[in-house]
Amino acid sequence: MNGALRSGQVAEAAGVNIQTLRYYERRGLLAEPERSNGGHRLYGEGTVTVLRVIKAAQRLGFTLDEVAELLEAGRHRHGRPVAGLQDRAAAKLAEVDAKIADLTTIRTALTAAIEAGCDDLTVCASSTCCPIPFTDLAEENRHAGPCC
């Protein structure tokens, strides 16, 4: 195999460890490599690109299952655009937007808790002026004492 790379070379070039490389093989994300006469795995140079694509897709929030589906679709495209990539990217963007909205809500509540001087969750949760959203759960324990 011309341009064949051994496991350590592929892992280093792609910025992953050898265990990750083996795991992706077991998951079917990478094709089974050829073997040298001595039994060493030999990868084509394209394997580094595939590994970089997998890691980039993960950084964008795609799960390994989703990456596997996209890679499989790409292997069967025969020069055509990958079906569903636009839809999957749009769905992932919607997930990210939902997470951002959730994190913004959490940030607002935490900022309010800090500004209110909340220092004890139990005391704060039973206070009428507690800004933390779980105060409704402590409804029967509310008192008209000072804030946190």
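Let me start with a cut-off. Buried means under 20% relative accessible area, exposed means over 50%, and partly exposed is what lies in between. Keep that in mind, because Tyr 23 has a relative accessible area of 35% and therefore counts as partly exposed. One caution before we go on: this is a predicted model.

Tyr 23 has a partner. Searching the whole structure turns up one aromatic pair. That pair is Tyr 23 with Tyr 24, and its geometry is tilted. The ring centres are 6.2 Å apart, with 50° between the planes. How exposed or buried is Tyr 24? Tyr 24 is buried, at 2% relative accessible area.

Now to helix α2, residues 18-27. Its buried residues are Thr 20, Leu 21, Tyr 24 and Glu 25. Why do they share a side of α2? Because they cover an arc of only 140° around the axis. Gln 19 and Arg 26 are on the other side of α2, and they are exposed. An α-helix has 3.6 residues a turn, so residues three or four places apart point the same way.

Look at the ends of this helix. Asn 17 caps the N-terminal end of α2. One of its side-chain oxygens lies 3.1 Å from the backbone nitrogen of Gln 19. Just past α2 comes Gly 28, with a positive phi of about 85°.

With 11% relative accessibility, Glu 25 counts as buried. Which side chain does the side chain of Glu 25 contact? That of Arg 41, in a polar contact of 3.2 Å.

Next, the salt bridges. How many are found in the whole structure? Five. I will take three of them.

Start with Glu 66 and Lys 92. Their closest N and O atoms are 3.0 Å apart. On accessibility, Glu 66 is partly exposed at 21%. Lys 92 is buried, with a relative accessible area of 7%.

Then Arg 88 and Glu 69. In this salt bridge the closest N and O atoms are 2.5 Å apart. Arg 88 is in α5 and Glu 69 in α4, so here the pair ties together parts 19 residues apart in sequence. Arg 88 is partly exposed, at 30%. Glu 69 is partly exposed too, at 42%.

Back to Lys 92. It also forms a salt bridge with Glu 95, with the closest N and O atoms 3.1 Å apart. Where do Glu 95 and Lys 92 lie? Both are in α5, three residues apart, about one turn of the helix. Glu 95 is partly exposed, with 36% relative accessibility. Which residues do the shared partners join into one network? Glu 66, Lys 92 and Glu 95.

Last, the surface. Leu 93, Val 96 and Ile 100 make a nonpolar surface patch of about 250 Å². Leu 93 is placed in α5, which spans residues 85-116.

To recap. Lys 92 bridges to Glu 66 and to Glu 95. That is the tour; questions, please.

Note on methods: Residues numbered from 1 in each chain as written. Predicted model: local features only at pLDDT ≥ 70, side-chain atom pairs only at ≥ 80, totals over all residues. Heavy atoms only, no water. Patch = residues over 30% accessible without salt bridge, like charges linked within 9 Å, V, L, I, M, F, W, Y side chains within 5 Å. Areas by Shrake-Rupley, 256 points an atom, 1.4 Å probe, with all protein chains shown as cover. Salt bridge = Lys/Arg side-chain N within 4 Å of Asp/Glu carboxyl O. Helix = DSSP H or I, 4+ residues; strand = E, 2+ residues; numbered from the N terminus. Buried < 20%, exposed > 50% of the residue type's maximum accessible area, 1.4 Å probe, protein only. Arc of directions from axis to C-beta. Polar contact = N/O pair within 3.5 Å; in protein donor to acceptor, adjacent residues only side chain to side chain. Phe/Tyr/Trp six-rings, centres within 6.5 Å; stacked < 30°, edge-to-face > 60°.
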